[in-house]
Amino acid sequence: MKFFIDTANLDQIREAQDLGVLDGVTTNPSLMAKEGITGDENVINHYKAICEIVEGDVSAEVISTDFEGMVREGEALAALHPNIVVKIPMIKDGIKALRYFSNKGIKTNCTLVFSPGQALLAAKAGATYVSPFIGRLDDISSSGIELIEKIRVIYDNYGFETEILAASVRHTMHIMDCAMIGADVMTGPLSAIVGLLKHPLTDSGLATFLADHKKSVEKANA
Ligand code: G3P
């Protein structure tokens, strides 16, 4: 299972990279705005900075909603770095753009996916990744995890190579549920990734080991 971090915050990206478990980064216009990155040039430079920190795929989202605009923007983004993945919204012109980029060998991430039918269309159009937003479905009392399960079945039925990128992951249970189902990738906040390492028995066990070691050293030196 690949771990992507869902942020445009360079410090958090560095921290996840330093941990040694990071496979990529996803961003979106809201995450860029949250970091105060505005204006085309700053956005471009920010993507370049992210690509210098991580070795894996970095999703960069287009703002256009028409086919020509998405192609123009996506080609410019893809030219920035070999690891850039062009992030395309699940709309009619987005499907056409996914097929266009797929035919050109440019990696894509189909975003804002909320139904199995949308995921089927994205795979048919040759998307590299499909991003079902599980947290946002949970927000409206619909099961995000059930959506991942359905997409897994559909993709396995037909051998689609599109990778399921569970997005809008909010916490460790989302990650674990996605891992049990077989999502190919999850993208979430640093807190959810780091949260996986926490267990009170690990902490108390380590405290005991260290205390016993200290006692035996003291005894040997007495
Ligand atoms: O990867 C999609 C993500 O950025 C949306 O997350 O928490 O805003 O629903 P959230």
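How many nonpolar, polar and charged residues does the shell around the ligand have? In this predicted model, the shell is evenly split by class, with 3 nonpolar, 3 polar and 3 charged residues. Its members are Asp6, Asn28, Leu31, Phe133, Arg136, Ala167, Ser168, Arg170 and Thr187.

An N or O atom in the side chain of Asp6 lies 2.6 Å from a ligand oxygen. For Arg136, the distance from a side-chain N or O atom to an oxygen of the ligand is 2.7 Å. A value of 2.7 Å is also found between a ligand oxygen and an N or O atom in the side chain of Ser168. On its own, the ligand has 300 Å² of accessible area, and the protein covers 82% of this.

The ligand takes up the space of the largest pocket, which has a volume of about 370 Å³. The lining of this pocket consists of 23 residues, and those nearest the centre are Asp6, Thr7, Asn28, Leu31 and Ser168. Of these, Asp6, Asn28, Leu31 and Ser168 are also among the residues around the ligand. By class, the lining of the largest pocket comprises 6 nonpolar, 11 polar and 6 charged residues. At least two lining residues each come from helix H2 (29-34) and strand S8 (185-188). H2 gives the largest share, 3 residues.

The second largest pocket holds about 320 Å³ of space. Its lining is made up of 14 residues, with Asp40, Val43, Glu61, Ile63 and Glu73 closest to the centre. Two or more lining residues are contributed by each of H2, helix H3 (40-53) and helix H4 (67-78). The largest share here is that of H3, with 4 residues. The lining of the second largest pocket contains 10 nonpolar, 1 polar and 3 charged residues.

Definitions and conventions
Residues numbered from 1 in each chain as written. Predicted model: local features only at pLDDT ≥ 70, side-chain atom pairs only at ≥ 80, totals over all residues. Heavy atoms only, no water. Near = heavy atom within 4 Å. Polar contact = N/O pair within 3.5 Å; in protein donor to acceptor, adjacent residues only side chain to side chain. Areas by Shrake-Rupley, 256 points an atom, 1.4 Å probe, with all protein chains shown as cover. 1 Å grid on protein atoms, 1.4 Å probe; cavity = no way out; pocket = protein on both sides within 12 Å on 5 of 7 lines; lining within 4 Å. Sits in = over half its atoms within 2 Å of the grid points. Nonpolar A, V, L, I, M, F, W, Y, C, P; charged D, E, K, R; others polar. Points joined across faces, edges and corners; volume = space filled by probe spheres on them.
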